[in-house]
Amino acid sequence: MLFRPNPSSGVPIYLQLMEQVKHAIETGALRPGEQLPGMRPLAEELVINPNTVAKAYRELEHEEVIELRHGAGAFVSGNARAKKLTDNLRAGQAIVAAAVERLHARGVTDEEIRRLFEAELAGLTRSGGHGG
Amino acid sequence: MADPFIIETADLRKRYDGVDALRGLSLQVPAGSIYGFLGRNGAGKTTTMKVLLGMARPTSGRARVFGLAADEQDASVEIRRRTSFVSDEKDLYNYMTVEAMIRFTAPFFPRWRVDLEQRYLRKFDLPPDRNVKALSRGMRTKLALLLALCRGAELLILDEPTSGLDPAMTEEVLQALVTHVAGEGMTVFFSSHQIVEVEQIADHVAIIDRGRAVVTGALDDLRERYRRIQLVFDNEAPAVAFRAPGVERVQRNGRVVTLLSSAGTKQILEEARALNPASVDVVPVTLKEIFLETIAVEN
């Protein structure tokens, strides 16, 4: 499994890890019921803080993306929530792809698109109304 | 009741020969954390460690380790019994072989871990028969780390553990720390001026500058809170002072205003919006940027 958080990116490592697990599920690299790497081995492999891995797994469990079975490890959820997540991501991907294509057609660069998304996610919708 | 913080200092001050090495340092190191103590050379990192270990007396303020007062003699003995310390100098006996150094050290510690000793000897690829004197800097560091990890201590204090190591050795040392914390549930407090390694393995950090902690907290929390906000105006940027509490720094340059915020981005954006900027950008801030900005402000 290829998880590669970038500690220098400014985005919390546990969030990057969560996104990468979700992405692995979305692409089918991880299937419902399959086991994820153990927290300790993963921390050792990535040379990141074990508490960070534990936090990512806890949050993923809270979002019902994975199940933590005591003593047995972490598994991709087999329930509807995980399925729905996959479906949502697929739908989302299509929407984003269409938006990116339209922006490209208008001559907006990748870097500008990235910043637009970042600004949007940071809650800038209401403040960007002055021609921004 | 158990102290939630393994290390706690409050308004710690230390004056050496007319120089203020610590000027009101306050730290809280949670149990089980890997705590990165980040600062430039001469910021007060080593002095702090010496005070925690009872090797230097604070001029004023409070320093507690395991809830014990670091400046009381009996308490300090107890602190050192439960703490492993690796100094920047890596105190080793040059005339001994690696094996002799380990055999010499082990009997001092009743909780010595032979299992870990064997594991790290192999993992670090240390030659048992070689004289300490003939070890490379990286090998010396790894031997000192082995001796520290095998003591069965609850707290590991490391002064610049990776200074002078190449990237491969650095990664090996960091991996050993991560593995050890995961397996043994201990607390690690390490100083560094290498931002990259701190952001890689630490879950809590303090940025210390000229004897004071200028930023402290959970690293993920800092990453989530800090933002750079750029406002671009159609004409000359208005010269207003931002009153929102999280504004750390404001730079005004022609039509552009750049803000560094440490909290409350939403509130700052509301204030910014009232100024009618042509565009607003918000981007995450890396630990390196936080470090450089906070140090710069102090200067």
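Biologist: Where do helix 5 (residues 137-149) and helix 6 (residues 167-184) of chain B stand to each other?

Modeller: Their axes come within 10 Å and cross at roughly 10°. Axes are lines fitted to C-alpha atoms, for helices over the stretch in contact, and angles run from 0 to 180 degrees between N-to-C directions. This is a predicted model: local features need pLDDT of at least 70, side-chain atom pairs count only at pLDDT 80 or more, and totals for chains, interfaces and linings use all residues. Residues are numbered from 1 along each chain as its sequence is written, with chains lettered from A and ligands numbered from 1 in the order in which they are written.

Biologist: What makes helix 5 of chain B roughly parallel to helix 6 of chain B?

Modeller: The cut-offs: under 35 degrees is roughly parallel, over 145 roughly antiparallel, 65 to 115 roughly perpendicular, the rest oblique. The crossing is roughly 10°, so the pair is roughly parallel.

Biologist: Which residues of helix 6 of chain B make the contact?

Modeller: B:Met169, B:Val173, B:Ala176 and B:His180. Contact means C-beta atoms, placed from the backbone, within 7 Å.

Biologist: Now chain A. Which residues of helix 1 are called buried?

Modeller: A:Ile13, A:Tyr14, A:Leu17, A:Met18, A:Val21 and A:Ile25. A residue is buried if 20 or more other C-beta atoms lie within 10 Å of its own, exposed if 12 or fewer, partly exposed in between.

Biologist: Why do they line one face of helix 1 of chain A?

Modeller: Seen down the axis, they fall within an arc of 140°, so they line one face. The arc is that of the directions from the helix axis to the C-beta atoms.

Biologist: What follows helix 1 of chain A?

Modeller: A:Gly28, with a positive phi near 90°.

Methods
Helices (H or I, at least four residues) and strands (E, at least two) are DSSP runs, numbered from the N terminus. Two residues are in contact if their C-beta atoms, placed from the backbone, lie within 7 Å.
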